[in-house]
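I opened this entry to keep track of what I looked up. I went from the whole chain down to single residues.

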Amino acid sequence: MSALAWALIVTPLGAGALLGLTGHRFERWVPGLGVAAAVVTLGLAVVAAVMRPEASSPLFAGIRAGLEVDGLSAVLVVTVAAVTLAVLAFSAGELGRGGNGGRFFGLMLVFAGAMLVTVTATTLPLLLMGWEVMGAASWALIGFWWHEPARVRAADTAFLTTRTADLGLYLAAGAALAGGVGSLSLDALPGAASPWLHLVGAGVVLAALGKSAQLPFSFWLSRAMEGPSPVSALLHSATMVAAGAYLLLRLEPLLVATGWAGPFVAWAGAITALALGLVAVAQSDLKQLLAASTAAQIGFMVLAAGSGAVVGGALHLVAHAATKAGLFLAAGAWLTALGTKQLPALRGAARTYPVVGAAFTAGALALAGLPPLSLWVTKDEVLAAAIERGPGLYAIGLVAAAVSALYSVKALWYVWRALPANASDAYDREKQGTRRISPAMAPPLLVLSFAAATLGVFGLPGPSAWLRAAAGGADEPAPRLWELALSAGVALAAAGLAWWRGDRAVPVPAGSRRWLCLEQAAYALVARPVTALARLLAVFDDRVVDGAVRQVARGGVAAARLARRADDGGIDAAVRAVAIAARRLGRRARRPQTGLLHQYYAQVAIGFAVLLLLVLVLR
């Protein structure tokens, strides 16, 4: 059983690394190899969801690297593997040959493999490893077209923003160790001693909100749209952005144990769902609209985690993954064919390419929360828990659901308009369109749209009860009939309003089109002060620290010069004087040494006379 758990993560990671390193040599075979690896991964995920394997191995002293497929992660591993397969199959049709497919497919598989590590990890160190690899892979994928500076800057912005929030997990790990959780097991984190427990909770919440693009971190998701469309489809559906929501759902007992984290997370999710929904309404770029809607829909999952609706949040995550992957792939197909993703330029696109139009329509109607499609059911699973926490949370969630219908139907209105006579004038503004859709793109689109329409069946009483029991959420509240009817009525009314208004702008708060100016605020409040502080520290280092070092060096040189003068003029001079005196004494001592005996007798006689004289004088 442990071999199955390891194989589930090793297969995509190993295949991705191999394709990334050697794929350029086999460019022709790379798409097929990438899809084959995804098929194997999906097969392993299905078997793992049934068999529930677990594995463990030593990592550090007293800390193990643990993997387990339980009720919650079983749902996620199948979702991640299935969406990855659909996206890679679509990519094989979109990218075709060339374009460094080895690097692309390799990074996508590593990206998905890191997400599988994240959802199956049972200890914080292993989760951190998957978390970090996922962030690094996302940076490489967003900046995949690295020769374009704007895309590289976008990748840097996304990476630095999420990395800043990721520091929370390191804070959580350190606080857990200080709080007595030596194993760093995820299940043991709620048992950390106070006040370390609150630091653990704060670190986890910070990391999760950053990864899931919740307020105030949402702006990085807008920048992530610079990557290829398949990257957006995978990043916005089953990986990366969903990782933060999954972490909060997984650690819901920790949120409860802190006392404050649950309500905080619930309100953060509800406010993000509403605010980013309004941002989506204001967008005229289809991918930007879908990106803002991703942050809004993830807000419902975060609301679920804070409200204790673990199964409801997981259901919404799964349904949203299928829905959003299909929508992004459809947007990518139109971008490939028409060379634009601007909504006014996409008028009639659904009529021109009916297969893509049908898939997009199913996904957009599901995203709008219209009955009987999937997100209508899963959203009400979340709102049923929210109303138990308070009417305020429920009201905000219901308004956010209405806003979902506004932006979804807005996109539908544009793509189903009659094709203008001068439609081609607006094409090819962002890239050169091919004016065709590859037949290989259709199957994944249709599969994802079918899943978006039907996954709500798991919210029905029978399947829902089974899923709750499997995931350990049997006590979670289920939506009542009046709640289902109310949300359906609100969604239908909002959808009708959006269709009636057409291309007339819906009143939204100022700055919504620019994502609430969050990026500008981050630059003003964080980036620029940090840069200014760095400059000040550089000046302090150059003028004070380095200046002190230079002054010490100059002082040392001056002291050396003084020492040299003292040595040359004092010590050396004294030594030379002694030597000169010794030489002079030697010369004078040699003079009496004549070799004549009578002179020696005379010298002795004089010496005795001097001694006698001294004796007489001294007495």
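Predicted model: local features only at pLDDT ≥ 70, side-chain atom pairs only at ≥ 80, totals over all residues.

I started with a term: helices (H or I, at least four residues) and strands (E, at least two) are DSSP runs, numbered from the N terminus.

I looked up the backbone at Cys517. Cys517 is not a glycine, yet its phi is positive, about 55 degrees. Cys517 has a relative accessible area of 27%, so I put it down as partly exposed.

I found a positive phi at Arg52 too. The value for Arg52 is about 55 degrees, and Arg52 is not a glycine. Its place is the loop between α2 (30–51) and β1 (54–60). With a relative accessible area of 34%, Arg52 is partly exposed.

**Entry: the whole chain**

I counted the secondary structure next. The protein has 23 helices and 2 strands.

How does the radius of gyration of the protein stand against that of a compact globule of 619 residues? I read 38 Å for the protein, while the globule would have a value near 25 Å. The C-alpha atoms fill roughly 145 × 60 × 50 Å.

I checked burial over the chain. Of the 619 residues, 52% are buried.

**Entry: α12 against α13**

I picked a helix pair. Two packed helices are described by the angle between their axes and the distance between the axes. Helix α12 covers residues 261–281 and helix α13 covers residues 286–307. Their axes come within 7 Å and cross at roughly 160 degrees. Angles over 145 degrees count as roughly antiparallel, so I logged α12 as roughly antiparallel to α13. The crossing is left-handed.

I listed who makes the contact. From α12 I noted, among others, Gly262, Val265, Ala266, Gly269 and Leu276. From α13 I noted residues including Leu289, Ala292, Gly299, Phe300 and Leu303. By class, the contact has 15 nonpolar, 8 polar and no charged residues.

**Entry: α16 against α18**

Helix α16 (residues 354–367) and helix α18 (residues 391–415) pack at about 160 degrees, and their axes are 8 Å apart. I therefore wrote down α16 as roughly antiparallel to α18. The crossing of α16 and α18 is left-handed.

On the α16 side I found Phe360, Thr361, Ala364, Leu365 and Leu367. They meet Ser404, Tyr407, Ser408, Ala411, Leu412 and Val415 of α18. I sorted the contact of α16 with α18 by class: 8 nonpolar, 3 polar and no charged residues.

**Entry: the loop between α6 and α7**

I moved on to Leu189. Leu189 lies in the loop between α6 (149–178) and α7 (196–211). Is Leu189 buried or exposed? Its relative accessible area is 0%, so Leu189 is buried. I set aside neighbours within four places in sequence. Leu189 then touches Ala176, Val181, Leu197, Val200, Leu251 and Leu254.

Pro195 is in the loop between α6 and α7 as well. A cis peptide bond joins Ser194 to Pro195, with omega about 10 degrees.

**Entry: another cis bond**

I found a cis peptide bond between Leu215 and Pro216, with omega about 5 degrees. Pro216 is in the loop between α7 and α8 (219–223).

Notes
Residues numbered from 1 in each chain as written. Heavy atoms only, no water. Axes fitted to C-alpha atoms, helices over the stretch in contact; angles between N-to-C directions. Parallel < 35°, antiparallel > 145°, perpendicular 65-115°, else oblique. Left-handed = near helix turned anticlockwise from the far one by under 90°. Contact = heavy atoms within 4.5 Å. Nonpolar A, V, L, I, M, F, W, Y, C, P; charged D, E, K, R; others polar. Rg over C-alpha atoms; globule rule 2.2 N^0.38 Å. Buried < 20%, exposed > 50% of the residue type's maximum accessible area, 1.4 Å probe, protein only.
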